[in-house]
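Student: I would like to go through some of the labels used for this model. Please set each value against its definition.

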Amino acid sequence: MGQLNELKVRLPYSGDEFGVPSNLHILATMNTADRSIALLDTALRRRFTFREIAPDPSVLEDAKEKCGLDLPRILKTLNERIEYLYDREHRIGHAYFTDCQEPEDVDAVMRDKVIPLLAEYFFEDWGKIAAVLGDAVSHEDPVTGGFLKRSVIKPPPGLADGDDLPRFRWEVRSADEGFVYTGLTEG
């Protein structure tokens, strides 16, 4: 209001006139992965300024002290691997972990948010998900990693010809088993 292109609308229920003052700035967030809605994205970009806010592992120093896990290192490692295997636009934000007070909170974030997000990113390619989580191995035997377990699926009778690549069943470790973070905090 009060500008050259001032617009006011009449609200349908109250009948009051409504306008936005010129000193009001609207701030919103959007994950870069959400930019796939091309027409909406184009419309938003014409009307708003976009500033990238990259994941910042240093924000997790307090949470690190509270829960006893090296959350800055975990986030940095996850994001380096995601960027290598996919791209930088799909990195995981620090906000996932900022409220973690104890190791069980970090486990819940990994189990209920991060691992399902990785499954979506990599279209259920559990080999890549295992690589991001530090559970990837080059051999064809069963594996119990820090986050995932892998068992070998035997082919049905009559389908095994010896030339087939092995197939695996991947499972997320149970809450009772817990997660082991060494694959994300070492090397």
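Student: Where is Phe50 found?

Tutor: Phe50 sits in the loop between α1 (38-47) and α2 (61-67). Helices here are DSSP runs of H or I with at least four residues, and strands are runs of E with at least two, numbered from the N terminus. This is a predicted model, in which local features need pLDDT of at least 70 and side-chain atom pairs count only at pLDDT 80 or more, while totals for chains, interfaces and linings use all residues. Residues are numbered from 1 along each chain as its sequence is written, and side-chain values use heavy atoms, with hydrogens and water left out.

Student: Why is Phe50 called partly exposed?

Tutor: Its relative accessible area is 35%. Buried means under 20%, exposed over 50%, and partly exposed in between (1.4 Å probe, protein chains only), so Phe50 is partly exposed.

Student: Which residues form the nonpolar patch on the surface?

Tutor: Val9, Leu11, Phe18, Val20, Leu24, Ile26, Phe48 and Phe50 form it, with about 710 Å² of accessible area together. Patch members have over 30% relative accessible area and no salt bridge, and nonpolar side chains (Val, Leu, Ile, Met, Phe, Trp, Tyr) are joined within 5 Å, like charges within 9 Å. The areas come from the Shrake-Rupley method with a 1.4 Å probe; for residues, only the protein chains shown count as cover.

Student: What makes Lys8 and Glu6 a salt bridge?

Tutor: The term requires a side-chain nitrogen of Lys or Arg within 4 Å of a carboxyl oxygen of Asp or Glu. The closest N and O atoms of Lys8 and Glu6 are 3.9 Å apart, so the pair qualifies. Lys8 is partly exposed at 44%, as is Glu6 at 38%. The structure holds nine salt bridges; among them are Lys64 with Asp70 at 3.8 Å and Glu89 with Arg88 at 3.6 Å.

Student: Why does Arg173 have no salt bridge?

Tutor: Lys and Arg count as positive and Asp and Glu as negative; His and the chain ends are not counted. The nearest side chain of opposite charge to buried Arg173 is Glu177, 4.9 Å away. The limit is 4 Å, so no salt bridge is assigned to Arg173.

Student: What does the side chain of Arg173 reach at 3.2 Å?

Tutor: It reaches the backbone oxygen of Glu177. The backbone oxygen of Gly145 lies 2.7 Å from a polar atom of the Arg173 side chain.

Notes. A polar contact is a pair of N or O atoms within 3.5 Å; within protein, one must be able to donate a hydrogen and the other to accept it, and residues adjacent in sequence count only if both atoms are side-chain atoms.
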